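This report describes one protein structure, going from the whole chain down to single residues. Please keep the sequence and the model open while reading.

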Amino acid sequence: MSDDRDAARRATRAVHAGERADRVGASATTPIHQTSTYTFRDGDEVRAYQEGRLARDEYGRYGNPTWRAVEGKLAALEEGEAAVLFASGMCAATTLFLAMVPRGGHLVITSECYRRTRQFLEEYLSKLDVAVSVIPPADVAALGAALRADTALVFTESPTNPYLRVIDIAAAAALCRARGVPLVLDSTFATPINQRALSLGADLVIHSATKYLAGHNDVLAGAAVGSEAMIAPLRAAVGVLGGVLDPHAAYLLLRGLKTLELRMTRHNENGQRVASWLETHPAVRRVWYPGLPSHPDHAAAAASMDGFGGVVTFELDTDLAGAERFVDACRIPLIAPSFGGVESLIEVPATMSFWDRDPDERRELGITDSLIRLGLGVEAPEDLLADLDRALAVLAR
Ligand SMILES: Cc1ncc(COP(=O)(O)O)c(C=O)c1O
């Protein structure tokens, strides 16, 4: 937890950090450098660049001034030395696994984890004979037991999807450091406004910037933040693998980040109010939200987070058809996967993100038929509560 002055500093950093380094055209905003390549005046300039006497851009897969503004802002917000952008959150994850895990190596990951990350490990990284130990989320003891002499990294989300499990980052980081294993944290659900994982001891933070960071449901992007030493190999790897962010998308992310602190304040308020209200509703069996004392990781979350975000997961006292009827009756939340944008989004995980799993697998993953994931936007909490109340009434009919 941090104090009000830290929060104020983050609000100011969100607006100004990383911006206007080169003051092109004296513009108030950082321009979109919509270019695929960069020109050299003459052979001397080419030589000066190649010999490392001149820092500048060469080609669009290796660098872009609009990216650098975003990277500077993100590094300042996450309290890291450096950041690197990717074309999507998945591209950040796949690039880091390929860059950091050697052939035949070992890594530790949590069972509750974005399904495409798991899929990458099972279907693609396995081709490099990489062994994966899967541990329960938020379980520091299981993490300690899973570490091996050849463990290349530990990867976990916190909070996780969909049950918003929160790991004790400081304890996990201490264990990993003692064994010389980097701890990588997917902090998408938290954002640097609610949690600074690097300062808590994580070695690398990654984000699906598609969610809260960009914040308007209009762009796909990813990012990694850490020390220069952790970021440099990732920057080199994305230059080879090629999953780079388009300059226009980088500008949308830069613009979104300026209001991150403002938006997170509303997301946090909406999350807390809606979760508390749902917990008292007779049509709701159970609510998962780290800001509620009933959440299994409330103590860890309260100790390390400044807010708990806009995602609320809950189980209705009904079947799959009832869950779909409730979602269809909502007027404000749009039916869609994803979260973190200004528009609230709602889904029945059994028919959306987990549709390709058979019912037994879903049960094993804890995805019941009447589970709902609600990603609250920045609409007024009173309107959201009224809409949910009206929609839940369809279950009483
Ligand atoms: C926690 C988490 N990490 C990573 C991703 C992947 O990000 P993207 O959709 O930007 O590729 C997602 C997407 O939902 C996610 O929820």
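## Overall fold

The model is predicted. Its secondary structure comes to 15 helices and 12 strands. Along the principal axes, the C-alpha atoms fill a box of roughly 80 × 50 × 40 Å. The radius of gyration is 22 Å, which agrees with the value near 21 Å that a compact globule of 397 residues would have.

Buried residues account for 45% of the 397 residues. Of the contacts between residues at least 6 apart in sequence, 74% join residues at least 24 apart.

The domain assignment divides the protein into domain 1 (4-258) and domain 2 (261-396). Taken over C-alpha atoms, the centres of domain 1 and domain 2 are separated by 27 Å.

## Helix α11

Helix α11 spans residues 260-279, 20 residues in total. From its first C-alpha to its last, α11 reaches 28 Å, close to the 28 Å expected at 1.5 Å a residue.

The buried residues of α11 include Leu260, Met264, His267, Gly271, Val274 and Leu278. Charged residues by name, Glu261 and Arg263, are also buried in α11. The cover over the buried residues of α11 includes the helices α1, α8, α10 (247-258) and α15 (381-392), together with the strands β8 (284-288) and β9 (311-316).

## Ligand shell

Which residues lie around the ligand? They are Ser88, Gly89, Met90, Tyr114, Glu157, Asn161, Asp186, Thr188, Ser208, Thr210, Leu220 and Gly222. By class, this shell has three nonpolar, seven polar and two charged residues.

## Glu81

Glu81 sits in the loop between α3 (65-78) and β1 (82-86). Is Glu81 buried or partly exposed? Glu81 is partly exposed, because 14 other C-beta atoms lie within 10 Å, whereas a buried residue needs 20 or more.

Beyond its neighbours within four places in sequence, Glu81 is in contact with Ala75, Ser227 and Glu228. Glu71 lies 10 residues from Glu81 along the chain, and their C-alpha atoms are separated by 9.9 Å.

Methods
Residues numbered from 1 in each chain as written. Predicted model: local features only at pLDDT ≥ 70, side-chain atom pairs only at ≥ 80, totals over all residues. Near = placed C-beta within 6 Å. Helix = DSSP H or I, 4+ residues; strand = E, 2+ residues; numbered from the N terminus. Buried ≥ 20, exposed ≤ 12 C-beta atoms within 10 Å, placed from the backbone. Contact = placed C-beta atoms within 7 Å. Domains from an automatic or database assignment. Expected span 1.5 Å × (residues − 1). Rg over C-alpha atoms; globule rule 2.2 N^0.38 Å.
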